[in-house]
Every structure is written in structure tokens, then in C-alpha cells.
Amino acid sequence: MLSSCFGSCFGGGDGDDLLWHMDLKPHATGDYSVAVVQANSLLEDQELALEEGGLSEDVIRKAFDAIEEGFLRLVKQSWLDQPQIASAGSCCLFGAISKDELYVANLGDSRAVLGRRAETGQTGDSAVVVAERLSIDHNVGVEEVRKEVEALHPDDSHVVVYTRGVWRIKGIIQVSRSIGDVYLKKPEFNRDPMFIQYGYPIPLKRAVMSAEPSILIRKIRPEDLFLIFASDGLWDQLSDDEAVDIVLKNPRSGIAKRLVRAALEGAAEKKEMRYEDIKQLEKGERRHVHDDITVIVIYLDRPGRSTNSGMNIVKGTNVPLDIYSLNSGHQGENTSYVSP
């Protein structure tokens with residue numbers, strides 16, 4: 001879906017054929033900047049649309065449920081020809097501003113971070129800008145999430161295991177919540193002979209993943225400066241504070257590309273490479289150095305801003321709509337806030 005937009009919506013960047021960006025565009029509450037870099041053989045970034053209407057926690061939950069149910073129908077319809085589709089899944093990060101309230105919901109480990117002013121409390125000191133995480137990483141590498149999954153499966157001592165350097169559910173996947181991944185939610189699928197020819201049967205008594213989003217609702221405040229929505233490829237390389245500091249200290253135009261570049265330079269350094277070397281790698285091969293990365297930076301300081309604004313993206317990139325959202329796809333990895 002995104003390829004149809006790249007030619008008209010995005011420009012290339014830094015001589016990197018797999019990097020696309022939109023330097024700066026206006027929206028109802030300020031400006032926004034987008035950048036995407038591809039590492040996988042197929043770009044796992046997609047675009048979603050959202051119908052207009054009133055926004056509430058209930059509406060958001062119903063939207064997530066509808067997407068999950070729609071994907072399950074697709075798996076059933078495609079089962080005879082493509083049983084491996086049962087192992088496909090996606091993280092999802094959603095955000096919207098409505099009537100001066102910010103809504104953030106997520107499944108998986110794409111992340112939303114707010115940059116806001118915070119007074120030091122000392123007379124004469126100027127305000128500092130701090131990072132406030134708005135989403136929850138549903139990743140069993142996080143101890144609290146790992147304990148949550150283990151508590152739901154007290155009769156399964158191997159529901160989460162440490163393998164290939166990280167914690168994984170059933171030794172397969174790191175995220176605990178997603179859209180899709182039907183074979184880890186519906187035991188009948190992974191036991192079916194049609195699926196077994198593409199993988200191995202996983203002894204499940206019940207679902208080990210869910211599609212229940214964590215949701216945050218908070219008022220937009222005068223000290224709120226900007227939002228960073230990004231897939232886990234960015235956060236693998238940069239901390240919340242580092243990302244906020246980059247946005248704060250650099251010009252707005254091209255700021256999303258600047259964040260992507262900082263992440264790529266970090267990934268290159270870990271591999272004892274240069275960014276120039278990464279540029280020479282083909283998609284697919286490049287995945288050994290870094291993941292797909294999508295970044296959206298939304299500034300919140302336009303005077304007289306409208307009470308309804310946003311854009312919608314799925315691990316992805318996009319055009320302005322009335323919602324912010326982002327999804328991170330995956331397939332068969334062997335590899336509150338208002339929270340249920």
C-alpha cells in the first residue's frame with residue numbers, strides 16, 4: 001500500500017535507496033514529519049483508514065476487535081491455499097487528539113513518547129524538557145510483561161523461555177499482544193496438518209497471546225510540545241530520552257529522518273560498520289543490521305489549534321488524516337494507563 005504513496009508523498013534521503021521521508025507538513029495542531037527505512041525483504045509498514053465519529057475508549061477497543069476479527073476471517077478464507085498466514089501478525093500503535101484529549105492505544109512494542117516541559121522546582125531555573133512514555137511495551141523482555149504472561153499460565157512452566165539471547169513466548173515470539181499470530185491464539189490452527197508442514201506443532205492448551213490493547217487517555221496540556229510515534233526498530237537503537245533530546249535540539253524540517261539516521265548510525269556502530277556501509281546492503285540482507293524503522297514526529301504547539309486532529313499509520317508512514325497510528329508486522333518469528 002505504501003509503495004503507491006512513496007512517489008508522490010516522500011522523497012529519498014542521504015543517498016539511501018531504502019530511506020524515504022517527508023520533511024515537514026502542517027496539520028491541525030502544528031507540524032509533522034515522517035521517515036521510513038526498509039530492512040526486510042518486504043516492507044512491513046502499511047496504512048489504515050479510520051471512519052469519522054465520536055472517539056472513546058470503547059470505540060478504540062471495538063476498532064481493535066474489528067481488525068483482529070477481520071484478520072481471523074482472512075486466515076480462515078486463505079487456509080487451504082496459504083496456511084502459513086496463521087503465523088503472520090502485527091503490532092499496532094494508535095493515537096488521536098479529540099477535544100483536547102490525547103488517546104494512545106497499542107499492541108506490541110511500537111512506542112509513543114511525549115516531549116514536554118517540566119519545571120525544575122528551583123527559582124530562576126528555566127524549564128527542562130523530559131520524555132514521557134505514553135504506551136506500554138508488550139514484550140516479554142520486560143520483566144513485568146513476562147510475569148504477567150507467566151501468571152496467566154501457571155500450569156505451563158515453558159510459556160516463556162530464554163532462547164537465542166532473548167525471552168520469547170513458547171521460544172518463538174517476543175511480543176505478548178498483537179493483531180494476528182492466530183496460531184498462538186487458536187490452538188486448533190497450529191495442530192492442523194496443513195499448518196504443520198510449514199512449522200512445528202506447539203503444545204497449547206489455550207491462547208498465549210492476546211489482541212487486548214493498552215489504552216491511555218490524558219488531557220493535552222500547555223507544556224506538551226511534541227509526540228514521537230515509532231516502530232521498535234527506532235527504540236532498539238535509541239532511548240526515549242535520546243529521541244526527545246534529538247527532536248528538541250534540531251530544526252523541525254526533516255526531524256523524523258534525523259531520528260532514523262541516528263538509529264542507523266547506532267546500529268552501524270554496534271556492528272562495527274559505517275552508515276555508508278549499511279547503504280550498500282540490499283533489503284533482506286540489511287535486516288541483519290537493523291529492523292524496518294518508521295518514525296512520525298507530531299508537534300503540538302500551533303496557536304489556536306483545532307480540537308480534532310491526527311493521522312493514521314500502521315507500522316508505517318503516511319498522509320494526514322484525523323488519527324495517528326502505526327503497526328509493525330512480523331511473520332512466524334522463531335526468533336495504565338487503561339490496561340486489561
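1. Basis. The model is predicted, so local features require pLDDT of at least 70 and side-chain atom pairs count only at pLDDT 80 or more, while totals for chains, interfaces and linings use all residues. Residues are numbered from 1 along each chain as its sequence is written, and side-chain values use heavy atoms, with hydrogens and water left out.

2. Overall content. The protein chain has 9 helices and 15 strands; these are DSSP runs numbered from the N terminus, with helices being H or I of at least four residues and strands E of at least two. Of the 340 residues in the chain, 52% are buried. Buried stands for under 20% relative accessible area, exposed for over 50%, and partly exposed for what lies in between (1.4 Å probe, protein chains only). The accessible surface comes to about 15,500 Å², and carbon and sulfur atoms account for 49% of that surface.

3. Helix H2. This helix covers residues 57–78, which is 22 residues, and spans 32 Å from its first C-alpha to its last, close to the 32 Å expected at 1.5 Å a residue. The expected span is 1.5 Å times one less than the number of residues. Buried in H2 are Ile60, Arg61, Phe64, Glu68, Phe71, Leu72, Val75 and Ser78. They are on the same side of H2 because they cover an arc of only 140 degrees around the axis, the arc being that of the directions from the helix axis to the C-beta atoms. An α-helix has 3.6 residues a turn, so residues three or four places apart point the same way.

4. On the face turned away from the buried side, H2 carries the exposed residues Lys62, Lys76 and Gln77. Isoleucine 67 is also in H2 and counts as partly exposed at 34% relative accessibility.

5. Nonpolar cores. A nonpolar core is a set of buried Ala, Val, Leu, Ile, Met, Phe, Trp, Tyr and Cys residues joined through side-chain atoms within 4.5 Å. The largest has 38 residues, among which Ile60, Val75, Phe94, Ile169 and Leu184 touch the most other members. H2, E4, E5 and helix H3 (143–152) are the elements that give two or more residues to this core. Setting aside neighbours within four places in sequence, isoleucine 60 is in contact with Leu55, Phe94, Tyr103, Ala105 and Ile215; contact requires heavy atoms within 4.5 Å. A second, separate core of 32 residues includes Trp235, Val244, Leu264 and Val297.

6. Aromatic pairs. How many aromatic pairs does a search of the whole structure find? The search finds 3. Rings of Phe, Tyr and Trp (its six-membered ring) pair if their centres lie within 6.5 Å; planes under 30 degrees apart count as stacked, over 60 as edge-to-face and the rest as tilted. Tryptophan 79 and phenylalanine 189 have ring centres 5.1 Å apart and planes at 75 degrees, so this pair is edge-to-face. Since tryptophan 79 lies in the loop between H2 and E4 and phenylalanine 189 in helix H4, the pair ties together parts 110 residues apart in sequence. Both residues are buried. Tyrosine 162 and tryptophan 167 are likewise edge-to-face, with centres 5.3 Å apart and planes at 70 degrees. Tyrosine 162 is exposed at 51%, and tryptophan 167 is partly exposed at 29%.

7. Arginine 286. This residue is in the loop between helix H9 (275–279) and strand E13 (293–299). Is arginine 286 buried or exposed? At 0% relative accessibility, arginine 286 counts as buried. Beyond its neighbours within four places in sequence, its contacts include Asp16, Leu18, Gln38, Leu264 and Tyr275.

8. Positive phi. Arginine 164, in the loop between strands E8 (160–163) and E9 (166–169), has phi near 50 degrees, a positive value in a residue other than glycine. Glutamate 272, also not a glycine, has a positive phi of about 55 degrees. Glutamate 272 lies in the loop between helix H8 (255–270) and H9 and is exposed at 77% relative accessibility.

Technical notes. Accessible areas come from the Shrake-Rupley method with a 1.4 Å probe; for residues, only the protein chains shown count as cover.
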